[in-house]
Amino acid sequence: EGLDILQLNVTRDLNLGVLARMLSNRPLRVLHVQHMQFGGTKKDLLHRLQHARLAAWVSPLPWLAAQTRERTTIPPARIHVIPFGIDLGTFDTLPPRVEARRMLGLPEDVPVLGVVGRLDRGKGQEFLLRAAALLRDRGIPVHVLLVGEDTRGETQEYGSTLRRLAAELHISDSISFHGFSQSVLPAYAAMNCFVLTSLSETYGMVTIEAMAAGLPIVGTASGGTPEILRDGESGLLLPPRDAAALADTLAQLLSDPERMQRLGRNARHEAQNRFSHHLQCERYETVYGQLMAT
């Protein structure tokens, strides 16, 4: 096809991409975009051969770039950091909160704590439910909104586990399960606070969406979240698996509306400065220009 650059976004395509480079009758620069963290070291002969033929490797966050340097033989000069971006303009026209709650069948008179993402043990939604129960015991009413379906292709049935847990905690009436949705804008509009409870989130696109929506965010200090949220400025970070700490933080936030508004404003400003899809494209163009110059 007369290609100059071949960009790969799926790890399983590396072999095919490298083969295409070897068989091409013209210079073909192969670039790979990292989406997941490494499960182990990739320095065996096969990976060495693959990585030696890559012109560039793109990691979405510095910690993933550092992991790439440590666990592969890719020359550091070929490793670039380009955060994934979103169309921030989509979040300029969120529906009013009252209207969004009516659309989703949510109560209008209590704070809504929510998260968007598949129902999966790695996402840790159970800790949000436990925190909600602790808040109820303190006399702080909240409603939890979970948007997403069980992880496809797996049989853990985490959604059923969460529903049983809600019943055991006697908070079923305070939990709304909404499955997969093509548009999650009403969900963000309905929330007072976005709560990411993942045990280790490689790159939370939903966190960036919540930032763009101007929501105060509480996230776990694991994976890539600490490099997306600035603790105390554009969000609050807590240890994973700690429902008590989560309940304490949420109680403090809900009692301080000015702080919640400030965190939400800072989060939106941070999203605009760091996670625009326009900025992502500009950074890719820079890398493409460097590759074409070699």
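Strand E5 (residues 112-116) and strand E6 run parallel and are joined by five bridges; strands here are DSSP runs of at least two residues (E) and helices of at least four (H or I), numbered from the N terminus, and two strands pair if DSSP finds at least two bridges between them. The model is predicted, so local features need pLDDT of at least 70 and side-chain atom pairs count only at pLDDT 80 or more, while totals for chains, interfaces and linings use all residues. Residues are numbered from 1 along each chain as its sequence is written, and side-chain values use heavy atoms, with hydrogens and water left out.

Within this pairing, Leu113 sits opposite Val144 of E6. From E5 the chain passes through helix H5 (residues 125-137) to E6 in a right-handed β-α-β crossover; right-handed means that, with the strands pointing away from the viewer, the path from the first strand over the helix to the second runs clockwise.

E6 also pairs with strand E7 (residues 175-178), in the parallel sense and over four bridges. Here Leu146 faces Phe177 of E7. Together with helix H6 (residues 158-168), E6 and E7 form a right-handed β-α-β unit.

How enclosed is E6? Five of the five residues of this strand (residues 143-147) are buried, so E6 is largely enclosed by the rest of the structure; buried means under 20% relative accessible area with a 1.4 Å probe, protein chains only. His143, Leu145 and Val147 point one way, Val144 and Leu146 the other.

Definitions and conventions
Buried < 20%, exposed > 50% of the residue type's maximum accessible area, 1.4 Å probe, protein only.
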